[in-house]
Amino acid sequence: MGFKEEGRWWVSPANYKEEVVRTFHFPPRIEILDTTLRDGEQEPGIIFTVEDKVEIAKKLDAAGVHRIEAGCPMTSEEDMAAIKAICALGLKADIYCFVRGVLSDMDAAKACGVDGVIIEVPGSEQMLQGGMRWGLPKAIDAAAAATKYAHELGMKVTFFPSDASRSSMEFLVTLLKGVLDNGGHMDSVALVDTFGAFSPEGAAYMVRELIEQVGIPVEAHFHEDFGMSIPTTIAALQAGAFCAHVTVNGIGERAGSCPLEPLVMSLQCLYGQDTGIRYEKLLDLSREVSQRSKKPVPPTKAVVGTRLFGWETGLPTGYWQKSRDINPLIMMPYHFSMTGQPAPHIYIGKKSGGANVALVNERLGLPAIEDKELVKELLRKVKELSIAVKRDLTDEEYTKLYQEVCPQS
């Protein structure tokens with residue numbers, strides 16, 4: 001793969017220069033763990049029913065997500081029912097649930113039928129002492145007992161030290177080694193950036209240190225408080241983390257979680273890392289979650305927005321008019337069909353030019369206007385109305401203006 005894949009994407013050749021890519025240490029296989037049904041639902045105001053969770057899980061599986069975090073069984077009876085229902089679907093994805101470092105939570109998880117558990121214990125001194133009023137020895141004992149018990153029950157174990165990004169490396173390593181030295185078991189450890197506090201460089205540093213000092217596979221669970229969850233997640237993967245935690249549409253507490261859609265598209269197109277996600281399913285998945293969460297997706301949201309592909313301004317519209325039959329990728333970084341999007345839509349309004357008139361006429365089946373003076377007059381009326389209503393025009397508004405200028409048509 002390279003910076004230009006015929007019919008798929010066309011990005012900067014600088015991304016694939018040898019002096020750039022030789023610094024990367026991506027794992028052989030990148031896994032995606034989706035936590036829409038747990039971390040995503042923690043966004044205030046979002047409630048998923050059992051039916052919602054089951055239908056979203058089906059869409060996640062169809063999109064090729066490797067692991068689905070189906071919820072927390074101790075939250076409610078409904079959550080437990082949803083987890084059990086998802087486990088009974090026989091999906092290709094592994095099903096995990098989120099639990100506390102309490103033995104009874106492991107029994108509840110086992111009763112649900114999950115493949116694995118994500119076990120949370122505070123991972124920073126301030127969270128442990130200020131949030132739990134626990135000392136480090138108590139945390140180590142609880143985590144060791146819980147992870148060992150979960151493993152004995154036959155479940156995979158991801159240890160989840162919350163707020164780990166704001167921990168000192170010494171404290172975090174002491175916690176992890178203490179759990180292991182006291183009989184605990186971890187198949188992997190999540191590097192948890194609870195408050196979106198990582199820079200990409202800081203994330204990469206902590207991944208490398210954890211791999212070197214603890215020797216356990218690392219997962220990246222990063223939040224969006226500074227708008228940096230995608231670059232920090234990619235930096236963690238470049239440094240050797242093997243799994244990225246995401247939510248559909250980036251829903252979640254505060255600013256949300258790392259969004260699935262632009263992360264996997266960035267990995268594929270900008271870095272040549274194929275996660276195995278079925279990109280053509282992303283738009284359908286996004287709309288399913290948007291509808292069931294009752295949280296609209298911004299129209300210009302990366303990858304899944306409804307107004308991404310198209311132009312109102314005259315100059316790029318003219319470029320598109322000339323290049324669309326040669327190579328659509330001249331005017332876009334990846335092909336719209338790659339993610340299930342429709343062909344570009346040409347808008348008409350204040351910033352439009354003759355190319356917009358020609359292409360909108362073509363779309364609406366209106367006769368082309370050969371007289372340049374009539375085009376200028378139509379554009380004058382278009383711009384006047386667009387300024388008055390402060391938006392691009394509807395097809396009906398444009399057609400009325402067209403008929404005023406070209407009444408014989």
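Colleague: Which residues is Ser124 in contact with, leaving aside its neighbours within four places in sequence?
Modeller: This is a predicted model, by the way. Ser124 sits in the loop between β6 (116-122) and α6 (125-132). Its contacts, once neighbours within four places in sequence are left aside, are Ser162, Asp163, Arg166, Ser167 and Phe171.

Colleague: And which side chain does the side chain of Ser124 make a polar contact with?
Modeller: Asp163 is one of the residues in contact with Ser124. The two side chains make a polar contact at 2.7 Å. So, with N or O atoms within 3.5 Å as the cut-off, the partner is Asp163.

Colleague: Is Ser124 buried or exposed?
Modeller: Buried means under 20% relative accessible area. Ser124 has 0% relative accessibility, so it counts as buried.

Colleague: How about Val248, buried or exposed?
Modeller: Val248 is in a loop as well, the one between β10 (243-246) and α11 (260-271). Leaving aside neighbours within four places in sequence, it is in contact with residues including Asp34, Thr36, Leu60, Leu285 and Val289. Its relative accessibility is 0%, so Val248 counts as buried.

Colleague: How many Å apart in space are Val248 and Cys258, C-alpha to C-alpha?
Modeller: In sequence, Val248 and Cys258 are 10 residues apart. In space, C-alpha to C-alpha, the separation is 8.6 Å.

Colleague: How many residues does the largest nonpolar core have?
Modeller: Nonpolar side chains tend to be buried together in soluble globular proteins. Here, the residues with the most contacts inside the largest core are Val114, Val117, Phe159, Leu191, Leu378 and Tyr398. Another core, of 10 residues, lies apart from it, with Phe160, Val192, Phe242 and Cys243 among them. The largest core has 117 residues.

Colleague: Which residues does Val117 touch, not counting those up to four places away in sequence?
Modeller: Val117 is among the residues with the most contacts inside the largest nonpolar core. Residues up to four places away in sequence don't count here. What Val117 touches is Tyr96, Cys97, Val99, Ala109, Ala150, Met155, Lys156, Val157 and Thr158.

Colleague: Zooming out, what percentage of the residues of the protein count as buried?
Modeller: The protein has 16 helices and 12 strands, and its C-alpha atoms fill a box of roughly 85 × 50 × 40 Å along the principal axes. Its accessible surface comes to about 18000 Å², with 53% belonging to carbon and sulfur atoms. Of the 409 residues, the buried share is 54%.

Colleague: How far apart are the mean positions of the positive and negative charges?
Modeller: There are 43 positive and 55 negative charges in the protein. Their mean positions are separated by 5 Å.

Notes. Residues are numbered from 1 along each chain as its sequence is written. This is a predicted model: local features need pLDDT of at least 70, side-chain atom pairs count only at pLDDT 80 or more; totals for chains, interfaces and linings use all residues. Side-chain values use heavy atoms; hydrogens and water are left out. Helices (H or I, at least four residues) and strands (E, at least two) are DSSP runs, numbered from the N terminus. Buried means under 20% relative accessible area, exposed over 50%, partly exposed in between (1.4 Å probe, protein chains only). Accessible areas come from the Shrake-Rupley method with a 1.4 Å probe; for residues, only the protein chains shown count as cover. Lys and Arg count as positive and Asp and Glu as negative; His and the chain ends are not counted. The place of a charge is taken as NZ of Lys, CZ of Arg, CG of Asp or CD of Glu. A polar contact is a pair of N or O atoms within 3.5 Å; within protein, one must be able to donate a hydrogen and the other to accept it, and residues adjacent in sequence count only if both atoms are side-chain atoms. Contact means heavy atoms within 4.5 Å. A nonpolar core is a set of buried Ala, Val, Leu, Ile, Met, Phe, Trp, Tyr and Cys residues joined through side-chain atoms within 4.5 Å.
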